Amino acid sequence: MRDILLPSVTRRRGGVRAAVAAATALLAALATSVAAQEARADAPAATTRSGAEPSGPTAGARWSDTAHGFASLAGGTTGGAGGKVVTVTDQAALKAYAGAPEPYIIRVEGTIEVEPFGSEIDVTSDKTIVGIGTTGEIVHGELHLGPGTSNVIIRNLTIRDSYVEGDWDGKTSDFDAIQMDTVDHVWIDHNRLTRMGDGLIDLRKDSRYVTVSYNRFENHNKAFGIGWTSNVKTQVTIDHNWFDGTKQRNPSADNCAYAHLYNNYLSAQVDDGDPVWTYGNYARGRTRMVIENSYYDGIQHPYQADATAELVQRGSVLKGTTGRHDTWGAAFDPRAFYAYRLDPASAVPALVTRFSGPQKTIGTNTTLDVPADYSTVQAAVDAVPAGNATEITIRLAPGTYREKVRVGRDRHHVTLLGTGRSRSDTLVVHDTPAGAPKPGGGTQGSWGSATVLVEGNDFTARNLTFSNDFDEAAVEIAGEQALAVKTTGDRLVFDDTAFLGNQDTLMVDTPQLTTRSRVYVHDSFVEGDVDFIYGRATAVIEDSVIKALSRGSDSNNGYITAASTWAGNPYGILISRSKVVSDAPAGSFHLGRPWHPGGEPRAVGQVLVRDTELPAAVKASPWTDMSGFSWRDARFAEYRNTGPGALLTPDRPQMTAPEAATHTTAHYLAGDDGWAPQRSR
């Protein structure tokens, strides 16, 4: 794959060729039982216990964003969950956040060159350090976890190049990639570690509850050492790692209470003629080691054990191996500690070469869990960094969240995701009307009444219900408007979302009259009575249900829309391929009226209702005047509607087919940047 750059050293060959060959058979290997393998050890491969929930990668995905193995035990490993999210691009910021006393999710973007050469970056407890996609690199420096450090996740980074020319054994420069002393609950996952000054990972001095998964250990002498203690306490899971072009410690485990190694791939071993200290896995001292379904390609001493250690090996592929193949003792049963799934050993080269090391999809979407890690939705939103440029998903467990949520104008790329089986399982609700007093005097107005306010761009909500449950019938107040959601941001998506309220349920707005903001509402439900879909944004409501609520009148129960579109914007509110339902009497509901906020003459509403089923509750003359402004001066139209409320009368402007061809979802949403969220459906 890459030639090692260290002096007087060559690698055993064949690993890359095997990986390429195995890649062509990957799907078949995963879908069927493993047939005859090139050279297989005696014991059969273990399988997940019936009914056990796998804690590692599942059948539907190659990996999970949750720590597995020993790192998942005794409370688990969550890293910086519950803390703020930050993005770092330089050494000073990385050092400050990694060493801070409070929790942080630290996203590393780009290459950080550490000075002086070989220096340590101290990492304290409750931290997640994750590279954004494949961009995050730490060069010439080490991540160091000192005694007592707990709950750390290090993911998706490249840590490289602190090798000192001529110091092959790292005797003069102890420049590791990651060094840990007396730590607990650490997950090291999907990193690439190469060409450091001493070890790639040193896990030392009674460290416990550690998982090392899907990493690449490359072009190095001492890859991964565990121990430096006379005690027998360390518990470590090591799975799906690729040891490629390394010499020794792949890993070596000294006095480990439990070392579980499975689905690892060892290839292209350094061949410098050393008959003893070139080896694969080594159980030293009183270690109890279990190896399962790994793949050893051309490895000298693939697995060996001291007489005082216990080593069980089962199900691995041995291709061209030589030297020691030690197994003795009972070791332990990993399934007594946690559930896991084994991949077939024959599939390991293809799987591990493809999925180990930094991945494009890791670190690009940070996940925050409510209430597991953040007690409220707002607390999770507050953890989003100002000016955020990568995806952050806030996952809401099923339940009712009685709070107001404000996604500020500098909080971008945020997704609120309900994790229940349906959108009704997760409810964000408050009960503030516009006329309610606010601290310092005055009333709340639309901004203050909204249960959820979205000012940031590129926001998404999915599988949720937003509600303002102010009871307008039970409370006498001037200002009964009670918004479930108000938006001013651009490129907003609401998918499988419900908006519940009465007057002014959903306000789609813009920061100012002449600014364009776009909102896409899909497969959703909106209910209300007066002006309950309104504002000056460009908004598409598609494949949705709109419920017009009765206020008990025989003649006028309300208005579905109240657009205030800027006259210079050809696209306001589009309701398409939807269904309007109502419990109001026949002929008692309007499709809409023109809203001119503050009498603004340049607010000339544009609404098109097309390809939508209308109930009998819709009036034969469905558009009406507002505040002295005639609906005939607005831009209201219908096209190809159906149902008992879709009458053709002189007071119902109909678009022509050529006009309708330029008033589609794509036209409304495209803007200048070609935004097309409907294509992802």
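Helix α3 covers residues 91-98, and its Ala 93, Leu 94 and Ala 98 are buried. Buried here means under 20% relative accessible area, exposed means over 50%, and partly exposed lies in between (1.4 Å probe, protein chains only). Helices (H or I, at least four residues) and strands (E, at least two) are DSSP runs, numbered from the N terminus. Down the axis of α3, the buried residues fall within an arc of 115°, so they line one face of the helix. That arc is taken over the directions from the helix axis to the C-beta atoms. Ala 92 and Lys 95 sit on the other side of α3 and are exposed. The cover over the buried residues includes β2 (84-88), β3 (104-108), β4 (111-113), β5 (119-122), β6 (127-131) and β7 (137-139).

A word on the source. This is a predicted model, in which local features need pLDDT of at least 70, side-chain atom pairs count only at pLDDT 80 or more, and totals for chains, interfaces and linings use all residues. Residues are numbered from 1 along each chain as its sequence is written, and side-chain values use heavy atoms, with hydrogens and water left out.

Now the cores. A nonpolar core is a set of buried Ala, Val, Leu, Ile, Met, Phe, Trp, Tyr and Cys residues joined through side-chain atoms within 4.5 Å. The largest one has 59 residues. Leu 368, Ile 394, Phe 459, Phe 466, Phe 494 and Ile 560 have the most contacts inside it. A second, separate core has 56 residues, including Val 108, Ile 188, Leu 193 and Met 289. Contact means heavy atoms within 4.5 Å. Beyond four places in sequence, Leu 368 touches residues including Val 85, Ile 105, Tyr 374 and Arg 395.

Next, the backbone. Most residues other than glycine have a negative phi, and most peptide bonds are trans. The bond from Glu 115 to Pro 116 is cis, with omega near -10°. Pro 116 lies in the loop between β4 and β5. Val 370 and Pro 371 are also joined by a cis peptide bond, with omega about 0°. Asn 293 is not a glycine, but its phi is positive, near 50°. Asn 293 sits in the loop between β24 (288-292) and β25 (295-297). At 2% relative accessibility, Asn 293 counts as buried.

Finally, the whole. The protein has 8 helices and 50 strands. Its C-alpha trace spans about 95 × 55 × 40 Å along the principal axes. Of its 681 residues, 59% count as buried.
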